[in-house]
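Hi,

Here is the structure I promised to pass on. Have a look at it first, and then read on for what turned up.

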Amino acid sequence: MKEAELHQRSGGKCELCGATEGLEHFEAGPESAATADASVLLCAKCRAQIEKREELDAAHWTVLSESMWSEVPAVQVVAWRMLNRLRNESWAADNLDMLYLPDETLAWAKATGDHENDGSVDLHRDANGAVLQAGDTVVLTRSLDVKGTSLNAKLGTVVKNIRLVENNTEQIEGKIEGQVIVILTKYVRKQGA
């Protein structure tokens, strides 16, 4: 029901950038208010950058100078948060100075604390700096002794279908010889990168 409301409200477009592909709802409000009014319809690119799964592309966000004027509070809140992340860009700082939010909406926008962070995104990266994603295949760049076992993971071992360790961008999980182990990202190279 909420998806249908959002598609109708947005005209089937991302409410921030106007893209029409890969649209999904995004909860902008507090968990207690999981309604269409507290959600926005976003494209995959906007959502990935908002959720810090992708580096911020400042050029993509210049559309905020238009979408920030939406009458939908959830859209205003997300626009305000992204403008704050991009505040080092002169156009974003100018738009942030112009954007007025009522006290209640501003409190909602500040609730995540995201406005206190800069636009940098912490991503899992391999030894060469390539971004790692869940499900990637990596190769060990050195032999590793696995703590608590007699397992020695040899240089060049291929680890398929990795999982990213949440809240620690220096670690991934992978299965070697049937055992799931934690591996430091500085000791792997993304296969095909």
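This is a predicted model: local features need pLDDT of at least 70, side-chain atom pairs count only at pLDDT 80 or more; totals for chains, interfaces and linings use all residues.

Helices first. Helix 4 (residues 73-85) is the one to click on, as two packing contacts involve it. Helix 5 covers residues 90-98, and its axis lies 8 Å from that of helix 4, at an angle of about 140 degrees. The two helices are therefore oblique to each other, because an angle has to be over 145 to count as roughly antiparallel. The crossing of helix 4 past helix 5 is left-handed. On the helix 4 side the contact is made by Trp80, Leu83 and Asn84, and helix 5 brings in Trp91, Ala92, Asn95 and Leu96. By class, that contact of helix 4 with helix 5 has five nonpolar residues, two polar and no charged.

The other partner is helix 6 (residues 103-110): its axis and that of helix 4 come within 9 Å and cross at roughly 50 degrees. That makes helix 4 oblique to helix 6 as well. Here helix 4 passes in a right-handed crossing. Helix 4 contributes Pro73, Ala74, Gln76, Val77, Trp80 and Arg81, while Thr105, Leu106, Trp108, Ala109 and Lys110 come from helix 6. The contact of helix 4 with helix 6 divides into seven nonpolar residues, two polar and two charged.

Strand 7 and strand 8 are joined in the antiparallel sense by two bridges, and leucine 164 stands opposite isoleucine 172 of strand 8. Between strand 8 and strand 9 (residues 179-184), also antiparallel, there are six bridges. For a landmark on that side, glycine 174 faces isoleucine 181 in strand 9.

Strand 8 and strand 9 make a hairpin with two residues between them. What is worth checking in the turn there? Glutamate 177, with a positive phi of about 50 degrees. Glutamate 177 is exposed, because its relative accessible area is 67% and the cut-off for exposed is over 50%.

Lysine 52 is another residue to check, with a positive phi near 60 degrees in a residue other than glycine. You will find lysine 52 in the loop between helix 2 (44-50) and helix 3 (64-67). At 25% relative accessibility, lysine 52 counts as partly exposed.

Back in strand 8 (residues 171-176), have a look at glutamate 173. With a relative accessible area of 27%, glutamate 173 is partly exposed. Leaving aside neighbours within four places in sequence, glutamate 173 is in contact with Ile162, Arg163, Val165, Val180, Ile181 and Val182. Its C-alpha atom is 12 Å from that of histidine 124, 49 residues away along the chain.

There is another open sheet of three strands, in the order 6-3-10 and again with antiparallel pairing. Strand 6 (158-159) and strand 10 (188-190) are the edge strands, each pairing on one side only. Strand 3 (residues 138-140) and strand 10 pair over three antiparallel bridges, and the bridge partner of valine 139 in strand 10 is arginine 189.

One last stop is arginine 142, in the loop between strand 3 and strand 4 (144-145). Is arginine 142 buried, partly exposed or exposed? Partly exposed, with a relative accessible area of 41%. Outside the four places in sequence on either side, arginine 142 has contacts with Ala153, Lys154, Leu155 and Tyr187. The C-alpha atoms of arginine 142 and alanine 153 are separated by 8.4 Å, with the two residues 11 apart along the chain.

Cheers

Note on methods. Residues are numbered from 1 along each chain as its sequence is written. Side-chain values use heavy atoms; hydrogens and water are left out. Two strands pair if DSSP finds at least two bridges between them. Helices (H or I, at least four residues) and strands (E, at least two) are DSSP runs, numbered from the N terminus. Buried means under 20% relative accessible area, exposed over 50%, partly exposed in between (1.4 Å probe, protein chains only). Contact means heavy atoms within 4.5 Å. Axes are lines fitted to C-alpha atoms, for helices over the stretch in contact, and angles run from 0 to 180 degrees between N-to-C directions. Angles under 35 degrees count as roughly parallel, over 145 as roughly antiparallel, 65 to 115 as roughly perpendicular and the rest as oblique. A crossing is left-handed if the near helix is turned anticlockwise from the far one by less than a right angle, and right-handed if clockwise. Ala, Val, Leu, Ile, Met, Phe, Trp, Tyr, Cys and Pro count as nonpolar, Asp, Glu, Lys and Arg as charged, and the others, Gly among them, as polar.
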